[in-house]
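This report walks through one protein structure, part by part. Please look at the sequence and the model before reading on.

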Amino acid sequence: MNGYAGFKLLIVDDHAHNLFTLRTLIEAHMDVAVIEATSGQQAIDFTHSHPDIDLIILDVQMPGMDGFQTASLLKLRKRTRDIPIIFLTAAFKSEEFQRRGFAVGAVDYLLKPIDDQLLINKISTYFRLIEKERGLNRVLEQRVAERTAELAAARQYLENIITHMGEALLVLEPGGTITMTNPAACRMLGYPEADLIGMPIGDIFEEEGDEQAGAFLGTWLEALIRTGALSKIEARFIARDGRRVPILFARTAVRNTAGAISDIICIAKDMTGYVRVEPGDDTDPATTYPCSVSHMPEEDR
């Protein structure tokens, strides 16, 4: 006996003798669960109570709802439209009826009297195809699950870096609205994250030499468009309590597939407590920053 344990087959015929013959033949050759229906309506009802039916063998000539009508209704329903249907008939043997059977969604159209070996081969073929498809689906689902886990791990790794980095991070849309930030920026500015998201960058940024924060989206944005990045800019953040926080600032433009700027990444280092190093200055290097940087704290001036 062949395998296929776990498969479920629905046979539909209005004659009890035909159902008995079919069941006996199938169970003699394969280990499958066989369900019997004596009408088209009963077959449809069984597909609701047995949602795991794998294959249907359907008689064409039945009183009330014939096989063609039954197949048409099964193909209309999402739950049953993909179940393969093999038509079995003794009366409707012409090519016209065979074409009609395939038109309503049958995968095969067999004639009575039944060729036992042909029928068993047909059933076995469809079960093998179903097995192969399910195996491929399992492999695909496993790969999707593995990829999802990899992406989740990578996202978590990135979030950890952003959360624990010492520099303030602000991500802007091209118009200058803050779309993302990190805890260091919230601490530096004294704002909760929810308040910073959606805030115009001009509300918290003051570039050295600019009388208006709006210049943030002026000359430097033009430079970003040309170069993609600007670094080591001396500027000030305006904290929630009005403090000016001296920062060393870098901005990087992220472009989409069309080449337009989609996001602007801003990273700021708090330079409070550092002093500017001038050429020839003999200030203790332990208290200075090794580049031209920003201002001393206002209270020390």
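## Two helices side by side

Helix α2 (residues 40–49) and helix α3 have axes that come within 9 Å of each other and cross at roughly 25°. Angles under 35 degrees count as roughly parallel, so α2 is roughly parallel to α3. The crossing of these two helices is right-handed. This is a predicted model.

Which residues of α2 and α3 meet? From α2 come Gly40, Ala43, Ile44 and Thr47, and from α3 come Thr70, Leu73 and Leu74.

## The protein as a whole

The protein contains 301 residues, of which 38% are buried. Its secondary structure consists of 8 helices and 11 strands.

Among the contacts in the protein with a separation of 6 or more, 55% are between residues 24 or more positions apart.

## The five-stranded sheet

An open sheet is built from 5 strands in the order β2-β1-β3-β4-β5, and the pairing is parallel. Its edge strands, β2 (33–37) and β5 (108–111), each pair on one side only. On average, neighbouring strands of the sheet are turned by 20° against each other, with direction ignored. Helix α3 (residues 67–76) packs on the sheet and touches β3 (55–59), β4 (85–89) and β5. The direction of α3 makes about 175° with that of β4; angles over 145 degrees count as roughly antiparallel.

How many bridges link β1 and β2? Strand β1 (residues 8–12) pairs with β2 over 5 bridges, in the parallel sense. Within this pair, lysine 8 stands opposite alanine 33 of β2. Strands of a sheet pair through backbone hydrogen bonds, either parallel or antiparallel.

## Threonine 89

Threonine 89 belongs to strand β4. Is this threonine 89 buried or exposed? Its relative accessible area is 0%, and residues under 20% count as buried, so threonine 89 is buried.

Leaving aside residues up to four places away in sequence, threonine 89 touches Asp59, Val60, Tyr109, Leu110, Leu111 and Lys112.

## A cis peptide bond

Lysine 112, one of the residues that threonine 89 touches, is joined to proline 113 by a cis peptide bond. The omega angle of this bond is about 5°. Most residues other than glycine have a negative phi, and most peptide bonds are trans. Where does proline 113 lie? Proline 113 is in the loop between β5 and α5 (116–164).

## Helices α1 and α5

Helix α5 also meets helix α1 (residues 16–29): their axes come within 11 Å and cross at roughly 65°. This crossing is right-handed. On the α1 side, the contact is made by Leu22, Leu25, Ile26 and His29. On the α5 side, it is made by Asp116, Leu119, Ile120 and Ile123.

## The hairpin of β6 and β7

Strand β6 (residues 168–172) and strand β7 (residues 178–181) run antiparallel and are joined by 3 bridges. Valine 171 has methionine 180 of β7 as its bridge partner. The hairpin has 5 residues between the strands, and glycine 176 takes a positive phi near 100° there.

Isoleucine 197, in the loop between α7 (193–196) and β8 (205–207), touches Ile178, Thr179, Met180 and Thr181, not counting residues up to four places away in sequence. Isoleucine 197 and isoleucine 178 are 19 residues apart along the chain, and their C-alpha atoms are separated by 5.3 Å. With 35% relative accessibility, isoleucine 197 counts as partly exposed.

Strand β10 (residues 244–255) runs antiparallel to strand β11 (residues 261–270), and 9 bridges join them. Which residue in β11 is the bridge partner of arginine 251? The partner is cysteine 266.

Note on methods. Residues numbered from 1 in each chain as written. Predicted model: local features only at pLDDT ≥ 70, side-chain atom pairs only at ≥ 80, totals over all residues. Heavy atoms only, no water. Pairing = 2+ DSSP bridges. Helix = DSSP H or I, 4+ residues; strand = E, 2+ residues; numbered from the N terminus. Axes fitted to C-alpha atoms, helices over the stretch in contact; angles between N-to-C directions. Contact = heavy atoms within 4.5 Å. Buried < 20%, exposed > 50% of the residue type's maximum accessible area, 1.4 Å probe, protein only. Parallel < 35°, antiparallel > 145°, perpendicular 65-115°, else oblique. Left-handed = near helix turned anticlockwise from the far one by under 90°.
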